[in-house]
Amino acid sequence: MTNPSAVELVVVPCLSDNYAFLVHNNDTGETALIDAPEAAPIHAALDARGWTLTDILLTHHHDDHIDGVAALRTNARVIGARADAHRLPDLDLAVAEGEPFNVCGQYTDVFDVSGHTVGHIAFHMADAQLVFTGDSLMALGCGRLFEGTPAQMWDSMQKMRALPENTVICSGHEYTTANARFAASLDPDNPDLISRIKRIEAARAANQPTVPSTLTEEKRTNPYLRADIPEFKTALGMKDASAVDVFTFVRAQKDKF
Ligand code: ZN
Ligand code: FE
């Protein structure tokens, strides 16, 4: 996938259902990896293109996002959340929300998107129109709340929702089919959801990833981004409830689904 600022995005399937991402700048030769579930498929993707890793960005500390770091880091700079430095691989650059940095020639903003874990971060490359959300905002879903509260995750969802409309959402797992079944159970009459599910089914039938997705489609269809949308609240029979209460209900229902 090529985009206006000349960085190339490569989606690398890893493990059973994880995704890692490579961002490559053709002008500078830099290559960044976002999350490192395992080394082999990432090495293969790099070798196929003749690229060498210059940076590894980590969204959160779970094994399925960091286990490949030791084998991949060689000369790469490893970047992750300062708040989680104690449970991430050794960091060369520790970052927090409000501390942008430069990678692959891209001005990169950091957002705290706690909820799945406390200390989970997202990386936004505005010029490339890419955001790397790990297990916070996912295609038609959001990560399970292992550490944070529903209010924290709702706050994180609102930060992602406020990004520019055409932002491409690069999230950490292929969970979209199960997410779609759940979303349809809540919001069966949403025409955007109905048409998106048809596209998801076609993609999976052809063994194609449903990640990345776009913020535009997430805003119209992802139940976790819609906790304050009147039509969605009404569909749930919660039209007078607060957004946090709606989000809490939806996330709890998913855990039981
Ligand atoms: Zn995780
Ligand atoms: Fe994960």
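A residue is buried when its relative accessible area is under 20%, exposed when over 50%, and partly exposed in between, using a 1.4 Å probe and protein chains only. By that definition strand 5 (residues 77-81) is mostly covered, with 4 of its 5 residues buried. The model is predicted, and local features need pLDDT of at least 70. Residues are numbered from 1 along each chain as its sequence is written.

**Strand 5 and its partners**

- Strand 4 (residues 55-57) and strand 5 run parallel and are joined by 3 bridges; strands pair if DSSP finds at least two bridges between them.
- In strand 5, I79 has L57 opposite it.
- Strand 6 (residues 93-95) also pairs with strand 5 in the parallel sense, over 3 bridges.
- L93 in strand 6 stands opposite I79.

**Helix 5 and helix 9**

- The axes of helix 5 (residues 176-186) and helix 9 (residues 243-256) come within 11 Å and cross at roughly 125°.
- Helix 5 is therefore oblique to helix 9, as angles under 35 degrees count as roughly parallel, over 145 as roughly antiparallel, 65 to 115 as roughly perpendicular and the rest as oblique.
- The crossing of helix 5 and helix 9 is right-handed.
- On the helix 5 side, N179, F182 and L186 meet V250, Q253 and K254 of helix 9, where contact means heavy atoms within 4.5 Å.
- The residues of this contact between helix 5 and helix 9 comprise 3 nonpolar, 2 polar and 1 charged.

Methods:
Chains lettered and ligands numbered in written order. Predicted model: local features only at pLDDT ≥ 70, side-chain atom pairs only at ≥ 80, totals over all residues. Heavy atoms only, no water. Axes fitted to C-alpha atoms, helices over the stretch in contact; angles between N-to-C directions. Helix = DSSP H or I, 4+ residues; strand = E, 2+ residues; numbered from the N terminus. Left-handed = near helix turned anticlockwise from the far one by under 90°. Nonpolar A, V, L, I, M, F, W, Y, C, P; charged D, E, K, R; others polar.
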